[in-house]
Structures are given as structure tokens and as C-alpha cells.
Amino acid sequence: MGTMTRKLFIRETKRLKCHRNLSASCILKNNEEFVVKSTLPDIIVPQARFFDYVLKESASFKNHIALESAETKKTYTYAQLEKNVTTFATSLLKKLGLKPGDVVAVMLPNSPEFPVVAFGTIHAGCILTTVNPIYKEYEITHQINLTEPKVIVTLPECYDNVRKGMQNAKNNSKIVLIDDPSQPVPNGVIRYSEIAEKGEVDFALLDKIEKKDDDVACIPFSSGTTGFPKGVEITYKNLKASSACMESKEVCYPHLTQGNIQDILPCFLPFFHIYGLVVTLIGHMAKGCKLITMSKFSASMYLDILKNEDCSLLYIVPPVGDGNRFPSSGPSACLLNSCNKKKLPRANNGEGISCRDQICKSATLQESKDIEFNQGFGATETTSLTTSTFKGSKNVDYSACGVPMAGFKLKFADPATGKFVPIGESGEMYIKSPTIMKGYHKNPTATAESLTEDGYFKSGDLGYYKPGVGLFITDRIKELIKVKGMQVAPAELESILRSHPAVADAAVIGVPHEFYGEAPKAFIIRKKDVKTTEEELQNFVANKVSVYKKIEEVMFVDAIPKTASGKILRKDLKAMYA
């Protein structure tokens, strides 16, 4: 940067000292002149125990429904939820013999039982790890190997895959099944109903559990650029800081339940994902909302919930909400293709379904002139939160992801040189806040590569910050493929493909997809004189991974472009594809 340009830039940063509009963010001076900081007051991390803090205001909504299953209609009130959480926590320590610091894996879809297991585990001082319930043996083995759980809580239909994963990992976890008390369970299996909905509560035992803010509370998983997904260590401080952050009035969407006033929201975004766990569960249970759980997304069920319940909040991702990006025949028809302003799709009687706020995460929506959205950006490593549109914002640019939430700082670095760039210029985004992870579980190398000495997380996302507008994400340096809002690591799929007897080498990239946003495409070099087909390789991968990771397309090639050190040149592959 030239001297004159430098002087002009400094003068401009002083002029833009603090924006007090919808996206108000201060540009700091002196040695932090390239840092974008939230204008909201810094958060104070509460000193209370985590579960006590989440339900600190529950006296006003103990008898309200906390959770209701859209499929089974099973419900828990907040009083029942609190009792079951403390019962499950007691059972872990007294009946199952766990100690604080032991790991409990929960492999469940969205259901009333999920928060009982999740919060009960943390309340007992144990460490929660969340597992995608559609994972297969191959993926389960990896997560069990890494986290070494003592207990795995899952569904009967997942039992066989869990057993196989345990055998592969040489793990002797106790298995707890979400059971029907009238039906038998396999020998040696523990019934959820016996240790969560029945049994004693030992408050004296639970009161003795002491956890420091820096202790790990949970280990969700985030896809990496090499190998398998990585375990992300989220501490008690991270969880409590995220809870405090969500209480800022500018980004606190739920109302506190009092009397007959209770916010209701359908929940299909998975609780095993950091966003569903932190924002949906923690953020809304703290306010006494009614959460209608969906074990998987169904457009017809979703519309029935909106039609029959007085839903006031919606949390969505672009495949569900963006009628501009996705065709009317797709699931996005649920929301935008037939809505009026501040209304959702029309019911059979022609009346609109009212809803107060719609919040979109995971990727940006294109602008709609018919409905107002609030958007945000986050990551597993930031305990889900980073930026958000402030409530009541006008003239929002929907290609932006909002502005920094309370306690967050952003800066951007040239990915080639590592030098920080002026605000407004593109670079890799660095994030700092009390919600930043402790590190990657049992992976000090990846931790050192991702966390700076002064506490910033190097996100791997390329973007820039436009004062007065917000954060723009333009690309992903880490090369993750985002399928329906879920992250897929190319290296994981490449490893599986290379294990096929007909494959000499493989490379995977994400390509645009009409319905999913992106989908994996594989480039394959076949072994000499060995035949295979596109369908055979697709099925080979599909049998080992979750459905959203399946290979959409296979292209057989003679060579895969790589650097001198052997790194795949994915940009060249994308150029070939284009």
C-alpha cells in the first residue's frame, strides 16, 4: 500500500469510526486497524453451572410444553424435562458407573429424548459427543475410535451399525436404546425409559460435580480438509458464552414464555449439528419455547406444522427457504414460491400462515422482495455463532451474512502471504470471541494450524466485510463441499474410492447442483486392465457413507492435476469441469 493510499485509508477509518446503523460495527484504530468489532457490549461469561444457567428463568414456564415429537406426538413439559435430565445424569454416575470426564455418544435424530441425553450428560460432568444417526459402520468406527465413549445412546434401527462400529473400534461401550417399554430389546442393552424417565435423582451427588470453564463439555464433529471429520472441543465457557451472546436484544428472536405467551418453532435442523444444538435447543429452551421436533425433513409434515400450530419462529437453510435458488418443484416451494409479505404458504382455506421471524443459516439466501429474513454465519469451531442480521434491520442485503455478534472480532488475511488486509478487501476470515473452540480433539497439529497465538480461529472461508452492510463469504479455502447445508470433506470420499480394487487414484470436488446447492463429483484413474463403472463406484461409496455424501457423478480421466508435493489442484479440476 502506497504512502498516500495509506494516509487516505487511515483518514477513512477515522471517519468511519463507528457505524450506528443496522449493521453497526466499529473499525478499530492503532494496531488493530484491520479488525472489525461488534458494537454490542462485550459478553460476561456466567459463573453458574451450565444447565442451571440454561433454565435460570424456568419458574415462569415449568408447566409449558418444552418438546413435542411431530411423528409420535410424545411431549415433555419443562418440569418433566428437568426431572428427566437430572435422572439421566444420576443414572450415568450411579447405575452405569461413569465418572466426570467420561464420554457419552448420542446418535439420535431430533426427538424429545435428545436434549435429555445431551443436557443430562453435561449435567453429570461427562463429555457429550454427537453422532449423525444416518452414519454407517465406516463413519461410526472413526468417531468411536477418536472419542472412546463409555455409553452410546441410539435408536433400535441404528443398533446393528453401532454394534459393528464398536467391534471395529474394539470398544465396549454400554448401549442405551430409546425404547418402547412394551417391546423387547437385545440382551445387554439398557432401556432409556429405565434410566431417564424412571429412577432416582441424587441432587447431592450432582451438586458435587465441579467443572472449570476450560473443561471440555462436548465434542461435535466438523469436516476437515484432509482425512476424516475432526472432533471439535467445545468448553463450558464456550457454551455459556454462546448463551449469553444470544441474549443480546439485537439478536434474541424468541420471547420469554410467560402465561399464555409462548413461541413455537418446528425443528428439523439436526440437534447433532452445532447449530441445532446451540441455537435451536439451548437458545430457545432458555426462553421456554415449544420445540416441535422432526426426525427428518418432510415438506408435507413441515407445512402441516405451520398450518396447525401457531409457529412464530422458523430456522431454515436455503434448500428449504430459497425459492430463487431452487426450482418450484423442490422442497423450497414450502416457503418462498407462494408467500405474501410476513406470511407463509397458504392453507387450504386460503388463509396465510403467520410467522414473526425467519432465520437462515449455513449459506446465504438470495434476496426476496416478499418476505423478510434474518441471516447469519457460524461454524462448529465458533460454537455456531459469529454474525447475524440485527432485529428490525431495514434494506438488508441478503447476499451478506449479517454483522458481528456480541464479543466477536473479525479480520481478514491474504491467503497467499498471511498478511492482514484493510477492511473491505478480500481475504481469509479470522474470528475471535469467547466462543472459539479449545481445539481439535487429539489433533494438536490441526489445532496449531487453525488457532493463532492471540486466540483467533482461521476459518478457511474467503470473504470480506463491507462497513454499513455486513459480512460477505465468497469461497471456501478449505475446499469443503456443502450439500444441503451439510459439510462433506473431499479427502474422506477420496480415501474410500482409492480403496476400491479398480481405482488407481481419485479426486473429488463440489459442483453446482440444482437441488442440493453442491454435490460431490469424482475424477477417477482406473488401474490398468481392471474394469469398473460409474454406477459401481457410486454404490461402493454409498454403502459406506451417509446419503448426503454420495457421489453424484463420476468421470474417468487419465491424470489428476497435482502440485509437486502431491496436493490435488482442485481449481484445475473445477476448470476442467467448467
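Everything here comes from a predicted model, where local features need pLDDT of at least 70, side-chain atom pairs count only at pLDDT 80 or more, and totals for chains, interfaces and linings use all residues. Residues are numbered from 1 along each chain as its sequence is written, and side-chain values use heavy atoms, leaving out hydrogens and water.

You'll find Lys438 in the loop between β23 (427–432) and β24 (439–440). Strands here are DSSP runs of E with at least two residues, and helices are runs of H or I with at least four, numbered from the N terminus. Not counting residues up to four places away in sequence, Lys438 touches several others, including Glu233, Asn238 and Leu451; touching means heavy atoms within 4.5 Å. Two of its distances:

| Pair | Distance |
|---|---|
| Lys438 C-alpha to Val216 C-alpha | 7.8 Å |
| Lys438 side chain to Asp214 backbone oxygen | 3.1 Å |

Lys438 and Val216 are 222 residues apart in sequence.

Now for the sheet. Four strands form an open sheet in the order β4-β3-β14-β13, with mixed pairing; two strands pair if DSSP finds at least two bridges between them. At the edges sit β4 (75–77) and β13 (264–267), each pairing on one side only. Strands β3 (residues 65–69) and β14 (residues 290–293) run parallel, joined by 3 bridges. Glu68 has Ile292 in β14 as its bridge partner.

Key. A polar contact is a pair of N or O atoms within 3.5 Å; within protein, one must be able to donate a hydrogen and the other to accept it, and residues adjacent in sequence count only if both atoms are side-chain atoms.
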